[in-house]
Amino acid sequence: MPKVYSAAVVGLSAEVIEIEVGILPGLPTTVVVGLPDTSVQESRERVRFAIKNSNCSYPRSRVAINLAPADLPKNGSQFDLPIAISILLNSEQIMFDAEEIMLVGELALDGAVRPVVGLLPIILEAKLRGFKKIIVPLGNTVEASLVDGIEIIPVESLIQTIGYLQKLVRVIPIKPVDWNELQTNPSDGLDFKLINGQEAGKRALEVAAAGGHNILMYGPPGAGKTLLAKAMPLILPKLDVEEMLEITKIYSVAGLLAGKQNVITKRPFRNPHHSSSAVSLVGGGSHPKPGEISLAHRGVLFLDELPEFQRTVLENLRQPLEEGTVTISRAFGTIQFPANFMLVAAQNPCPCGYYNSPDQNCICTYQQIFNYQRKISGPLLDRIDIFMEIAKVEYSKLSENTSGENSEAVQKRVQLARDIQKDRFKDSKLLTNGEMGLKEIIKHCILKDEEKEFVRRAAIKLNLSARGYHRVLKLARTIADLACSERIEVKHLAEAIQYRTKNA
């Protein structure tokens, strides 16, 4: 009994699936076994009509379709094409060697092959497992071209697939993409030069972007917190090849690669609403999909009006902020999604927004202010590197026509600092200072006696926790990188410490 090979997406990886078809005398019926979900069960009717509309015959007998391994849940429509080919192969309507070929594709009733979700990890797994060819939908061409080292055959119909497998039709394999051509500088966002005032806020964002640090901006309504956050994309460093492939794989599994957006070439900037649930933010579901924090991997997760998010939802950020991954457990196993993102958050000081405002009275009671601020727990605040107060800009500055430094100049400094860090961590999996653990901090944040004494006094005065102390050192390392300084000096530490004052 010949087997046909396909793959099931599990988390961000894929598992090879063997498709076996048994045809026995009996009443015409088709059963699918091997833990198929509804979408796989419904493939019976799509496959039946696709075969008949492709000038082939569907067996008028009992057909059993087995998807192995049997203990792995299967979901998705990518099994349509391989199931159809397996039926035709086992009913001896076509003949070909199926051992080194993988097939993926959804079938329309007329036999057309439609694009599928999660193709990128499937192709990577096929390459890893030694398959020489993989047949994919024509609509997934751009996504499929991201992988080199395996022959990728794009097809648009079941008839074309049959013709190719029997060597009656020639199909030109997909040419691998040139990754260097995909590397682009950020282009979406608000230019820094358009924002008058807020120089301290711009500097804080520059430090955050340079080292991948988390930042919380707080201040009255209309001060410019959201405006500054939306200017963040233009100062972020460009993605390298590995990062582009990593992010594109996440978006492929999430089903967000559509139309011309088949490759993620810019750092993600995700801005979920404060009504978002824990599942939408962290990921999950019966068949776990990446949430907003994974979609922001290697980019920015912007949470506006931070205290308006449910506290239970925010607490789910603690593990990802610390470890750079999120783990989702289900009955069939545990799935891990990458979530190495930079958190940019904004909040008002109280419900009305004018607590401690010098020119407008706050109308909130003490209890309202207390309840508003306690929505963000201490452990979560301790995982934020930079606290920046965004004060109201005076009218005289708003009306000035002077043009400040543009985002391009800031982005060049950020890129230089990131290049320094990339060289520093070339022998590890780390990319930024913000990812450093205790071992890396001890190795790369060496202080002389003068700097040690300065930090000691500051830690006592501000009552810094151990995590807060280490975050000061990581911040100082980034500030030194921006200044192209090999060692951390007192001035670098002083700037880093001023960003920790809200958590004192």
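**View 1. Arg-471 and the residues it touches.** Leaving aside residues up to four places away in sequence, Arg-471 touches Glu-322, Asp-382, Arg-383, Ile-384, Asp-385 and Arg-500; contact here means heavy atoms within 4.5 Å. This is a predicted model, in which local features need pLDDT of at least 70 and side-chain atom pairs count only at pLDDT 80 or more, while totals for chains, interfaces and linings use all residues. Residues are numbered from 1 along each chain as its sequence is written, and side-chain values use heavy atoms, with hydrogens and water left out.

You will find Arg-471 in helix 21 (helices are DSSP runs of H or I, at least four residues, numbered from the N terminus). With a relative accessible area of 4%, Arg-471 is buried (buried is under 20%, exposed over 50%, partly exposed in between, using a 1.4 Å probe and protein chains only). Its side chain is joined to that of Asp-385 by a polar contact of 2.6 Å (a pair of N or O atoms within 3.5 Å; within protein, one must be able to donate a hydrogen and the other to accept it, and residues adjacent in sequence count only if both atoms are side-chain atoms).

**View 2. Helix 18, residues 407-424.** From first C-alpha to last, the 18 residues of this helix reach 25 Å, close to the expected 26 Å (1.5 Å times one less than the number of residues). Its buried residues include Ser-407, Val-410 and Arg-418, and helix 8 (199-211) and helix 21 (466-482) are among what covers them.

View 3. The structure holds 0 disulfides (pairs of cysteine sulfur atoms within 2.5 Å). The sulfur of Cys-484 lies 17 Å from the closest cysteine sulfur, in Cys-445, too far for a bond. Cys-484 is partly exposed at 49% relative accessibility, whereas Cys-56 is buried at 18%.

Conventions. Helices (H or I, at least four residues) and strands (E, at least two) are DSSP runs, numbered from the N terminus.
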